[in-house]
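The following note sets out numbered points on the model shown below.

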Amino acid sequence: MAVPPTLAFQAIAQDFPQPGGGTLRVLDGISFDVPARRFVSVIGPSGCGKSTLLQMAAGLLFPTGGHVLHRGTRVTAVNRDVGLVPQQAQLLPWKTLAENVAFPLTLRGVKDPERTRRTQAAIARVDLQGFEQHYPYQLSGGMQKRAAIARTLVYGPDVILMDEPFGALDAQTRMAMQSDLQDIAAAEGATVLFITHDITEAVLLSDRVVVLSRRPTRILAQVDILLPRPRNMYEPFATPGFNDAYESVWSVLRGVIGKAA
Amino acid sequence: MSEAGITRAAAAAAPRARLALPHWIVGALPGVAFLLFWQWASGRLIREVYVSKPTAIAVRLWDVFASGEIWPHLAVTFRELVLGYGIGVALGLAGGYWLARAPQAARIVEPYVMAFYGVPKIALAPLFVIWFGIGIWSKVTLAATMVFFLVFYNVYAGVRGVDRELVALSRVMGATERQLGRHVYLPAAMPFIVLGMRMAIPYAVIGVIVGEFTSSVQGLGLFIHYASGTYDPAGVFAGIAILLAFISAAGLVAGRIERRLLRWRPPLHANSPEGN
């Protein structure tokens, strides 16, 4: 018996009200699956509704049409069984690093010593040992991102939703974080839905890339990436097959990018 | 991994070492200069009966403390202050928080609160005396009313201004409404709350003293009022000096508490060697 996809988007349609009256159809019949333990990227032009899809999976927004299924059940309320890593790290500024990472456990009533143990493990997983008592303002952007990832790992959700998490980082930090993410996702057996603007990033990280059109947004293609793992984030062009994989995504996206928004 | 974050953290902890003189000496210089000028000017530039002089005020202070006549006044005023401030803050906190979390109620209630905010509460002092008598409760009510409005608005604005994305994210992480209040709304609003509570200290003092001016049996305000009425400027200034000392002390304590509660905030001057 086949394992159902962890996350399924079924005929998702989303209208947003316009300031002058009327509605704007942003998403227009989006259907795709995120299979268990797979890394799926969503790539598309600005404003096509990629973040909206994540919000729907998290239960923060409900589609005008269609359903999101998590483990076969419709998402009808805030979904506490997913992990969300937003564009800005969004650590709580008034909590220390350790308190931030422990926050989901605190909310779930997990007490010490288990809470401390799991927090320490998550912090170690993202290589932030020694900074537990620091406040977010004392951490660099990359460190805050790592902390946000640790905060998601600590309660082990089966799906991790990531909204352009590395977009604001410098190129070197980004490559390091991509490499770490690959290791972590592999080690945890995580299912990841990852939004990005960057084709290289999508190709290197994912098992599948979903390419979206401009508004009203439809799926242009779902490209399977069959490059062997682990992949080298620092030397993409040295990986055999990378160019073909890149071209298979770019050939779809080419017609969409480059026009005025 | 960036070094900048680690460097920033180290810089924030470095001790200040720029000035040759201790900070408090430099801060006290203008005050001392003023006192010296006052002492000299009294009797030369302006008649002493109008402005008294620092030495006369010091003598007066000594007298009232040594004879013990000031202590009952201070006790009453202090009790009124503590009660007035405490009640005002408690109600302001509760009201501001509740209204900020209840937008439907806020739409109805806020215009009324705004209208009352505009009424100078001092004008209510005689009314409060009629209602609550000349004992402590008319002063407590006046102070509490003034403190309430100030704290209420700061708390209301602070809680309403909380980043909605933080709230949404916390919900996805599993927060219930109460947990949201405790872990997100309250800490996020804390800078505003603390600001309101600090600003309210002088207002509590104004409320109590003016209340005592209006009608009172005892209290520092009465002491000042009586001195004023008997053309005793030394007495007036002595009373004011006590008030100043109290407000300064309260401000210092408030500053300590604020630094402790808000230690998570980035320093104002991020690039200087010292913190804020």
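1. In chain B, helix 7 (residues 125–132) and helix 10 (residues 177–214) pack at an angle of about 70 degrees, and their axes are 9 Å apart. Axes here are lines fitted to C-alpha atoms, for helices over the stretch in contact, and angles run from 0 to 180 degrees between N-to-C directions. Helix 7 of chain B is therefore roughly perpendicular to helix 10 of chain B; angles of 65 to 115 degrees count as roughly perpendicular, under 35 as roughly parallel, over 145 as roughly antiparallel and the rest as oblique. Helix 7 of chain B contributes Ala125(B), Pro126(B), Phe128(B) and Val129(B) to the contact, and helix 10 of chain B contributes Val210(B), Gly211(B) and Thr214(B). Two residues are in contact if their C-beta atoms, placed from the backbone, lie within 7 Å. By class, the residues of this contact are five nonpolar, two polar and no charged. Ala, Val, Leu, Ile, Met, Phe, Trp, Tyr, Cys and Pro count as nonpolar, Asp, Glu, Lys and Arg as charged, and the others, Gly among them, as polar.

2. The model is predicted: local features need pLDDT of at least 70, side-chain atom pairs count only at pLDDT 80 or more, and totals for chains, interfaces and linings use all residues. Residues are numbered from 1 along each chain as its sequence is written, while chains are lettered from A and ligands numbered from 1 in the order in which they are written.

3. Chain B has twelve helices and zero strands. Helices (H or I, at least four residues) and strands (E, at least two) are DSSP runs, numbered from the N terminus. The radius of gyration of chain B is 23 Å, whereas a compact globule of 276 residues would have a value near 19 Å. This radius is taken over C-alpha atoms, and the globule rule is 2.2 Å times the number of residues to the power 0.38. The C-alpha trace of chain B spans about 70 × 55 × 30 Å along its principal axes. Buried residues account for 31% of the 276 in chain B; a residue is buried if 20 or more other C-beta atoms lie within 10 Å of its own, exposed if 12 or fewer, and partly exposed in between, with C-beta atoms placed from the backbone.

4. The assignment for chain B gives domain 1 (16–51) and domain 2 (54–261). Domain bounds come from an automatic or database domain assignment. The C-alpha centres of these two domains of chain B lie 29 Å apart.

5. Chain A has seven helices and ten strands. Its radius of gyration is 19 Å, close to the 18 Å that the globule rule gives for 261 residues, so chain A is as compact as a globular protein of that length. The C-alpha atoms of chain A fill a box of roughly 50 × 45 × 45 Å along the principal axes. Of the 261 residues of chain A, 43% are buried.

6. Chain A is assigned domain 1 (1–81 + 159–261) and domain 2 (84–156). Their C-alpha centres lie 24 Å apart. The contact takes 15 residues from domain 1 of chain A and eleven residues from domain 2 of chain A. On the domain 1 side, strand 7 (159–163) and helix 5 (171–188) of chain A each supply at least two residues, and helix 5 of chain A has the largest share, five residues. That side comprises nine nonpolar, two polar and four charged residues.

7. Between the chains, 21 residues of chain B are in contact with 25 residues of chain A. Helix 9 of chain B gives the most to the chain B side, with six residues. The chain B side has 14 nonpolar, four polar and three charged residues.

8. Some backbone features deserve mention. Cis peptide bonds, with omega about 0 degrees, join Asp112(A) to Pro113(A) and Arg229(A) to Pro230(A). Arg71(A), which is not a glycine, has a positive phi of about 55 degrees and is partly exposed, with 13 other C-beta atoms within 10 Å. Tyr231(B) also has a positive phi, near 50 degrees; this residue lies in the loop between helix 11 (220–229) and helix 12 (233–261) of chain B and counts as exposed, with 10 C-beta neighbours inside 10 Å.
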